[in-house]
Amino acid sequence: MSIDPPFQEACNALFKGSLVRAKDEKLVRVEECELPLIDMNCLTLGHKDREKCMKQMAQAASEWGFFQVVNHGISQGVLQSLICEQIKVFHEPLSKKTKENFLNLPSNSYRWGNPDATCLRQFSWSEALHISLADISRMDGYKTTLRSTIEAFAGTAATLSQNLAEILAQNLGVKSNYFRQYCAPYTSYLRMNRYPPCPFSSDQVYGLMPHTDSDFLTILYQDQIGGLQLKKHGRWLAVIPNPQSLIINIGDLFQVFSNNVYKSMEHRVLAPQRVERFSVAFFYCPSYDAVIQSYGKPTMYRKFSFREYKQQIQKDVQATGDKVGVSRFLL
């Protein structure tokens with residue numbers, strides 16, 4: 001029984017409309033880069049070391065929108081187990097993965113491709129399992145350690161996200177309990193990703209289409225296959241995998257919160273052609289009623305709720321196939 005969704009059939013339908021991407025979208029060989037590396041242990045070594053570490057973090061968030069952390073508190077054993085559990089889940093027959101209440105999760109938890117895609121550049125050759133932290137406890141045993149592994153990862157990732165968010169806010173001169181108040185663990189979610197081998201070239205089909213994240217922070221753990229790229233100063237850069245680190249990237253909400261001091265950078269994943277790739281992302285989100293506002297003068301964005309932001313994204317994607325993002329809320 002097949003484990004893969006009908007990617008090729010979906011792509012063939014989109015190929016009829018456009019055989020290749022526009023000339024300015026054609027992928028070329030990109031330069032590799034190592035993301036700024038932050039050792040979280042430095043936060044505990046003393047005042048000077050802590051201040052230096054905090055400044056490095058803020059600088060990376062401003063210049064790159066991405067950085068990587070080591071000594072982050074999540075054991076390699078948990079991370080490796082998470083990848084192993086993902087493989088078991090995604091290697092189930094497609095008929096089981098698409099069954100209602102798969103893993104006793106909401107029916108829209110398992111997703112693949114992009115049902116709203118109107119052209120190839122909007123299609124993603126990947127499948128994903130979206131899990132709200134509020135739903136982890138209802139997951140069935142599945143005869144695996146999937147739930148306990150997810151709980152171990154998500155619990156530490158939530159604490160790490162809050163610590164990072166408070167540090168980045170402090171660098172802006174903002175001392176508040178905003179994140180403790182509005183970013184309770186149950187408001188965040190994680191997404192497990194599988195990128196199957198793709199028969200099309202990387203200048204035709206993405207593994208994950210270019211986008212920015214609609215949260216405060218994202219914590220990413222990936223295998224060593226590679227494929228993640230970010231856009232900096234108009235150029236795409238390929239991120240070199242580091243088996244010891246987690247990747248942190250700034251989301252749209254933190255760009256607004258920082259009044260554009262921190263950058264929510266566009267990024268994408270290339271579709272692997274010979275091997276499959278796995279990753280897991282933790283999205284640090286507030287409650288839907290949380291009000292997002294800028295700290296800094298002159299304020300560049302109007303206030304809006306997270307619910308309003310998500311609704312606007314949905315409207316834009318349904319209308320055009322693309323996310324417009326924070327520019328919708330500029331003053």
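Reply: Happy to. One term before the sheets: two strands pair if DSSP finds at least two bridges between them. Helices (H or I, at least four residues) and strands (E, at least two) are DSSP runs, numbered from the N terminus. This is a predicted model, where local features need pLDDT of at least 70 and side-chain atom pairs count only at pLDDT 80 or more, while totals for chains, interfaces and linings use all residues. Residues are numbered from 1 along each chain as its sequence is written, and side-chain values use heavy atoms, with hydrogens and water left out.

Me: Good. What is the strand order in the open sheet of five strands?

Reply: The order is β1-β10-β9-β12-β7, and the pairing is mixed. At the edges are β1 (31–33) and β7 (206–211), each pairing on one side only. Ignoring direction, neighbouring strands of this sheet are turned by 30 degrees against each other on average.

Me: How does β9 pair with β10?

Reply: β9 pairs with β10 (residues 235–239) in the antiparallel sense over four bridges. Lys-231 stands opposite Trp-236 in β10, and Lys-232 faces Arg-235 of that strand. The two strands form a hairpin with two residues between them, and His-233 in the turn has a positive phi of about 55 degrees.

Me: And which way does β12 run against β9?

Reply: Antiparallel: three bridges join β9 to β12 (residues 267–270). Leu-228 is placed opposite Val-269 in β12.

Me: Is β9 mostly covered or mostly open?

Reply: Mostly covered. Four of the five residues in β9 (residues 228–232) are buried, where buried means under 20% relative accessible area, exposed over 50% and partly exposed in between, with a 1.4 Å probe and protein chains only.

Me: Switching over: what about the sheet of eight strands?

Reply: That one is also open, with mixed pairing and the order β2-β3-β11-β8-β13-β6-β5-β4. The edge strands, pairing on one side only, are β2 (37–39) and β4 (110–112). From one strand to the next the twist averages 25 degrees.

Me: How do β2 and β3 run?

Reply: They run parallel, and three bridges join β2 to β3 (residues 66–70). Leu-37 stands opposite Gln-68 in β3.

Me: Which helix packs on that sheet?

Reply: Helix α3 (residues 76–90) does, touching β4, β5 (127–132), β6 (189–195), β8 (217–222), β11 (246–250) and β13 (277–284). Its direction makes about 115 degrees with that of β13. Contact here means heavy atoms within 4.5 Å. Axes are lines fitted to C-alpha atoms, for helices over the stretch in contact, and angles run from 0 to 180 degrees between N-to-C directions.

Me: Where is Phe-90?

Reply: Phe-90 is in helix α3. Phe-90 counts as buried because its relative accessibility is 0%.

Me: How do α2 and α5 cross?

Reply: The axes of α2 (residues 47–63) and α5 (residues 146–171) come within 9 Å and cross at roughly 90 degrees. That makes α2 roughly perpendicular to α5. Angles under 35 degrees count as roughly parallel, over 145 as roughly antiparallel, 65 to 115 as roughly perpendicular and the rest as oblique. Among the residues making the contact are Met-54 and Met-57 of α2 and Leu-164 and Ile-167 of α5.

Me: Is His-47 buried or exposed?

Reply: His-47, which is in α2, is exposed, with a relative accessible area of 60%.

Me: How accessible are Asn-101 and Leu-103?

Reply: Asn-101 is partly exposed at 41% relative accessible area, whereas Leu-103 counts as buried at 3%.
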